[in-house]
Amino acid sequence: MERPLEHLERQHNLPPGTARRFKALYDNASRVPEHEEVRYAMTWDAYHEALDSDPNLAVIANAYAQSYPLPLHRRIDATGTVIF
């Protein structure tokens, strides 16, 4: 995932390191097993809070989602929640 993110970082004139920070946030959130419901929810809430509080992370997240959309079946977790 890192090369496409670095490309998007340059394409959107984002500060250096934005791609690396976004990848670290996403990797951290995606490593929590869905069956650990409380930890899973808290981790994804923290991920979204980081995107909400940092416009550069929000830009790269949106650009990545637009460029590399997940199939619908991969966007729904075990609890039936759609992951954005």
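Predicted model: local features only at pLDDT ≥ 70, side-chain atom pairs only at ≥ 80, totals over all residues.

Trainee: Helices to begin with. At what angle do H2 and H4 cross?
Mentor: Roughly 75°, and the axes come within 10 Å of each other. H2 covers residues 18-30 and H4 covers residues 55-67.

Trainee: What does that make H2 relative to H4, roughly parallel or roughly perpendicular?
Mentor: Roughly perpendicular, because angles of 65 to 115 degrees count as such.

Trainee: Which residues make the contact?
Mentor: From H2 they are Thr18, Ala19, Arg21, Phe22 and Leu25, and from H4 they are Asn56, Leu57, Ile60 and Ala61. Sorted by class, this contact has 6 nonpolar, 2 polar and 1 charged residues.

Trainee: Leu57 is on that list. Is Leu57 buried or exposed?
Mentor: Buried, with a relative accessible area of 3%. Setting aside neighbours within four places in sequence, Leu57 is in contact with Thr18, Arg21, Phe22, Leu25, Ala50 and Leu51.

Trainee: How many residues apart in sequence are Leu57 and Phe22?
Mentor: They are 35 residues apart in sequence, while their C-alpha atoms are 6.1 Å apart in space.

Trainee: And what does Leu51 touch?
Mentor: Phe22, Leu57, Ala58 and Ala61, if residues up to four places away in sequence are not counted.

Trainee: New topic, the rings. How many aromatic pairs are there?
Mentor: The count comes to 7 aromatic pairs. One of them is Tyr26 with Tyr47, which is edge-to-face, with 6.1 Å centre to centre and 70° between the planes.

Trainee: Where do Tyr26 and Tyr47 lie?
Mentor: Tyr26 lies in H2 and Tyr47 in helix H3, residues 37-53, so the pair ties together parts that are 21 residues apart in sequence.

Trainee: Which is buried and which is partly exposed?
Mentor: Tyr47 is buried, at 5% relative accessibility. Tyr26 is partly exposed, with a relative accessible area of 26%.

Trainee: Which residues form the aromatic cluster?
Mentor: Phe22, Tyr26, Tyr40, Trp44 and Tyr47 form one cluster.

Trainee: Last topic, the core. How many residues does the largest nonpolar core have?
Mentor: It has 17 residues, and those with the most contacts inside it are Leu5, Phe22, Tyr47, Leu51 and Ile60.

Trainee: Which elements give two or more residues to this core?
Mentor: Helix H1, residues 2-11, along with H2, H3 and H4. As background, nonpolar side chains tend to be buried together in soluble globular proteins.

Note on methods
Residues numbered from 1 in each chain as written. Heavy atoms only, no water. Axes fitted to C-alpha atoms, helices over the stretch in contact; angles between N-to-C directions. Helix = DSSP H or I, 4+ residues; strand = E, 2+ residues; numbered from the N terminus. Parallel < 35°, antiparallel > 145°, perpendicular 65-115°, else oblique. Contact = heavy atoms within 4.5 Å. Nonpolar A, V, L, I, M, F, W, Y, C, P; charged D, E, K, R; others polar. Phe/Tyr/Trp six-rings, centres within 6.5 Å; stacked < 30°, edge-to-face > 60°. Buried < 20%, exposed > 50% of the residue type's maximum accessible area, 1.4 Å probe, protein only. Core = buried A, V, L, I, M, F, W, Y, C linked by side-chain atoms within 4.5 Å.
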